[in-house]
Amino acid sequence: MNGTIYPTKFFEEDGLDNPAQFLINSGYNYLSLLNEDINTIVNSILHEAQIYN
């Protein structure tokens with residue numbers, strides 16, 4: 001297939017059941033409206049922006 005991805009060949013069962021939980025379990029600090037309120041997400045983005053600015 002020489003590196004070509006064919007999206008029509010993927011099926012629902014080929015994906016992750018809970019991608020957010022997978023990221024959290026893999027050490028990523030993943031924020032989502034599914035598990036956090038909007039204020040937490042906004043404050044986290046502001047905090048990261050201040051660190052890297």
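Which residues form a nonpolar patch on the surface? They are Ile-24, Tyr-28 and Tyr-30, which together have about 290 Å² of accessible area. The model is predicted. Its protein chain has two helices and zero strands.

**Chain overall**
- Of the 53 residues in the protein chain, 6% are buried.
- The accessible area of the protein chain is about 5100 Å², and carbon and sulfur atoms supply 56% of that area.

**Tyr-28 and the loop**
- Tyr-28, a member of the nonpolar patch, is found in the loop between helix H1 (19–25) and helix H2 (38–51).
- Tyr-28 counts as exposed because its relative accessibility is 53%, and the cut-off for exposed is over 50%.

**Start of helix H2**
- The N-terminal end of H2 is capped by Asp-37, with a side-chain oxygen 3.0 Å from the backbone nitrogen of Asn-39.
- The side chain of Asp-37 also makes a polar contact with the side chain of Thr-40, at 3.0 Å.
- Thr-40 itself is in helix H2.
- With a relative accessible area of 28%, Thr-40 is partly exposed, because that class lies between the 20% limit for buried and the 50% limit for exposed.

**Length of helix H2**
- H2 has 14 residues, and at 1.5 Å a residue these should span 20 Å.
- The expected span is 1.5 Å times one less than the number of residues.

Definitions and conventions
Residues are numbered from 1 along each chain as its sequence is written. This is a predicted model: local features need pLDDT of at least 70, side-chain atom pairs count only at pLDDT 80 or more; totals for chains, interfaces and linings use all residues. Side-chain values use heavy atoms; hydrogens and water are left out. Patches are made of residues with over 30% relative accessible area and no salt bridge: like charges are joined within 9 Å, nonpolar side chains (Val, Leu, Ile, Met, Phe, Trp, Tyr) within 5 Å. Accessible areas come from the Shrake-Rupley method with a 1.4 Å probe; for residues, only the protein chains shown count as cover. A salt bridge is a side-chain nitrogen of Lys or Arg within 4 Å of a carboxyl oxygen of Asp or Glu. Helices (H or I, at least four residues) and strands (E, at least two) are DSSP runs, numbered from the N terminus. Buried means under 20% relative accessible area, exposed over 50%, partly exposed in between (1.4 Å probe, protein chains only). A polar contact is a pair of N or O atoms within 3.5 Å; within protein, one must be able to donate a hydrogen and the other to accept it, and residues adjacent in sequence count only if both atoms are side-chain atoms.
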